2 protein chains.
Amino acid sequence: MRILGIDPGSRATGWGLIEKQGNRLLHIDNGVITTRASEPLGDRLGTIYQHLSKVITGYAPTAVAVEEIFMAKNARSALKLGHARGVALLAGFNHDLPIAEYSALQVKSAVVGYGRADKKQIQEMVRILLKLPEIAQEDASDALAVAICHAHSAGINQRIAGSGGPNSR
Amino acid sequence: MRILGIDPGSRATGWGLIEKQGNRLLHIDNGVITTRASEPLGDRLGTIYQHLSKVITGYAPTAVAVEEIFMAKNARSALKLGHARGVALLAGFNHDLPIAEYSALQVKSAVVGYGRADKKQIQEMVRILLKLPEIAQEDASDALAVAICHAHSAGINQRIAGSGGPNSR
């Protein structure tokens, strides 16, 4: 299973691709899509959508994972984030990919095993888990973290399904 | 010039198409795209995007107009609105249409000639200006209002351009 994690933002949208082979996680690629505040909003959203579409077409992931957002600094920044997040989700939908959302707590727990881990700890664990030579750019690292979270959750779900569930036999 | 006004929302996205022929405004069509809160977010955004894409392909507007949003009730509702607004803008961008944004004040002034007009007054003026048999559904009416605003602004911009600007002769 190949997972595309996305960390959307109006200025910088991080993405990270990993592959789960049995219990191993392989890093495939990651990057950050940046747009300029001076560009018209439609163009900026178009850039994010087209870039993500190219990543999806090029790397053929089988699932998309994004972080659930419950809080934002204020309504204005939430609206901007929403624009970017909407087109990111749409890129997955328009390529017929299942989209999974995870809370920040789930992502931290999956990556560091500790829900209150700080940003640096997560970045370092993403680097170690994926055997990266150095810490990825911040937004790309966040995207890889949510992809790892999905890989773990999918593993658990598969084990539950495979055993017929906790009450099976 | 044929203008598609859009009033995005996560539950209901209104759209309204008008044509400006000289000084006349003709109503072409309007509608509301609804999605259910129980559907996955990706599906809901996909529905909005695909429906708007179909409207654009079918009616071939030459411009898209949306209301600028500065305020929302709270960060959470702003994020939801942002998702819908992002894919609406993307639908215009992906069909190579210029996108114009207008403040609520500009829309009210253009439609009613009075920036503090209430919702009912705007709906009734939209009905009169476009010779509709009855008031359109609320979200569709809002979409038609921003389309009318764009028709007026485009007219003014054309007159300024045609005269060579305010200081010309």
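Predicted model: local features only at pLDDT ≥ 70, side-chain atom pairs only at ≥ 80, totals over all residues.
Figure 1. Chain A holds 5 helices and 5 strands. Read from the N terminus, these elements follow the order β-β-β-α-β-α-β-α-α-α. The chain has 169 residues, and 48% of them count as buried. Taking contacts in chain A between residues at least 6 apart in sequence, 60% connect residues that are at least 24 apart.

**Figure 2. The annotated active-site residues of chain A.** An unreviewed UniProt entry lists Asp7(A), Glu67(A) and Asp139(A) under "active site". These residues are spread over 133 residues of sequence but cluster in space, the largest C-alpha distance being 11.9 Å. The unreviewed entry in UniProt also places the feature "binding site" at Asp7(A) and Asp139(A).

Figure 3. Asp7(A) lies in strand E1 of chain A, which covers residues 2-7. Is Asp7(A) buried or exposed? Its relative accessible area is 18%, so Asp7(A) is buried, the cut-off for that class being under 20%. Not counting residues up to four places away in sequence, Asp7(A) touches Ala12(A), Thr13(A) and Gly14(A), and also Asp139(A), Asp142(A) and Ala143(A).

Figure 4. Asp139(A) is part of helix H5 of chain A, residues 138-163. The relative accessibility of Asp139(A) is 23%, so this residue counts as partly exposed; that class lies between the limits of 20% and 50%. Which residues does Asp139(A) contact, leaving aside its neighbours within four places in sequence? They are Asp7(A), Ala12(A), Gly14(A) and Val32(A). Ala12(A) and Gly14(A) are also among the residues that Asp7(A) touches.

**Figure 5. His150(A) and its polar contact.** Helix H5 of chain A also contains His150(A). With a relative accessibility of 11%, His150(A) counts as buried. The side chains of His150(A) and Tyr102(A) are joined by a polar contact of 2.6 Å. Apart from residues up to four places away in sequence, His150(A) touches Met1(A), Ile3(A), Ala63(A), Ala65(A), Ala100(A) and Tyr102(A).

**Figure 6. The interface of chain A and chain B.** In this view, 27 residues of chain A are in contact with 27 residues of chain B. The two chains bury about 2100 Å² between them, and 74% of this area is on carbon and sulfur atoms. Which three residues supply more of the area that chain A buries against chain B than any other three? Leu79(A), Leu90(A) and Phe93(A) do, with 25% of that area. The count of salt bridges between chain A and chain B is 0. Across the interface, 4 residue pairs are in polar contact, both residues having pLDDT 80 or more.

**Figure 7. The side of chain A that touches chain B.** Three elements of chain A give two or more residues to this side: helix H1 (41-59), helix H2 (75-94) and strand E5 (99-102). Helix H2(A) provides the largest share, 14 residues. By class, the residues of this side of chain A divide into 15 nonpolar, 8 polar and 4 charged.

How values were computed: Residues numbered from 1 in each chain as written. Chains lettered and ligands numbered in written order. Heavy atoms only, no water. Contact = heavy atoms within 4.5 Å. Buried area = accessible area lost by both parts, 1.4 Å probe. Salt bridge = Lys/Arg side-chain N within 4 Å of Asp/Glu carboxyl O. Polar contact = N/O pair within 3.5 Å; in protein donor to acceptor, adjacent residues only side chain to side chain. Helix = DSSP H or I, 4+ residues; strand = E, 2+ residues; numbered from the N terminus. Nonpolar A, V, L, I, M, F, W, Y, C, P; charged D, E, K, R; others polar. UniProt positions renumbered as here; feature names shortened; annotations may be inferred. Buried < 20%, exposed > 50% of the residue type's maximum accessible area, 1.4 Å probe, protein only.
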